[in-house]
Amino acid sequence: VNEGLAHASRALELDDTNPSALELRGTLRYASWYFGPEPEPEVAEALLEGAKADLRVAVLEDRSLASAYNTLSLIYYLTDEPAEANLAALYAYEADA
């Protein structure tokens, strides 16, 4: 996860709106939160919020990122945003080739 985050950070240094790099960083932040577990609640919340922010921008830049929508749906569900979770899941389904 850390190595992947480093790669995503380098890609985002070149282009801070690169949807693939944002998707990668968001997904890895989510994975780090999920598999952590981070003992500090503030750090754990920052990981999840950072993942959500990255994935939101990624899908705004490229609406074909089905896996980004899927992970975003999971995060919305976990953060008690059911309407957004359902909508992101629908977009994931529609974007999935």
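## Helix 3

In helix 3, the buried residues (under 20% relative accessible area, against over 50% for exposed and in between for partly exposed, with a 1.4 Å probe and protein chains only) are Ala 44, Leu 47, Leu 48, Gly 50, Ala 51, Lys 52, Asp 54, Leu 55, Ala 58 and Val 59. Helices (H or I, at least four residues) and strands (E, at least two) are DSSP runs, numbered from the N terminus. This is a predicted model, in which local features need pLDDT of at least 70 and side-chain atom pairs count only at pLDDT 80 or more, while totals for chains, interfaces and linings use all residues. Residues are numbered from 1 along each chain as its sequence is written, and side-chain values use heavy atoms, with hydrogens and water left out.

The buried residues of helix 3 pack against helix 2 and helix 4, where contact means heavy atoms within 4.5 Å. The end C-alpha atoms of helix 3 are 30 Å apart, which agrees with the 30 Å that its 21 residues should span at 1.5 Å a residue; the expected span is 1.5 Å times one less than the number of residues. Leu 60 also belongs to helix 3, but it is exposed, with a relative accessible area of 57%.

## Helix 2

Helix 2 has 17 residues and reaches 24 Å from its first C-alpha to its last, close to the expected 24 Å. Its buried residues are Ala 21, Leu 22, Glu 23, Arg 25, Gly 26, Leu 28, Tyr 30 and Ala 31. They pack against helix 1 (2-14), helix 3 and helix 4.

## Nonpolar core

A nonpolar core is a set of buried Ala, Val, Leu, Ile, Met, Phe, Trp, Tyr and Cys residues joined through side-chain atoms within 4.5 Å. The largest one has 18 residues, of which Tyr 30, Leu 55, Val 59, Ala 68, Leu 72, Ile 75 and Tyr 76 touch the most other members. Two or more residues come from each of helix 2 (19-35), helix 3 (41-61), helix 4 (66-78) and helix 5 (82-95).

Not counting residues up to four places away in sequence, Leu 55 touches Glu 23, Gly 26, Thr 27, Ala 68, Thr 71, Leu 72 and Ile 75. Ser 73, in helix 4, counts as buried at 11% relative accessibility.

## Aromatic residues

Aromatic pairs are rings of Phe, Tyr and Trp (its six-membered ring) with centres within 6.5 Å; planes under 30 degrees apart count as stacked, over 60 as edge-to-face and the rest as tilted. The structure holds 5 such pairs. One of them, Trp 33 with Tyr 34, is tilted, at 6.5 Å centre to centre and 45° between the planes. Trp 33 is partly exposed, with a relative accessible area of 24%. Tyr 30, Trp 33, Tyr 34 and Phe 35 form one aromatic cluster.

## Loop residue Asp 80

Asp 80 lies in the loop between helix 4 and helix 5 and is exposed, with a relative accessible area of 65%. Its phi is near 60°, a positive value in a residue other than glycine. Most residues other than glycine have a negative phi.
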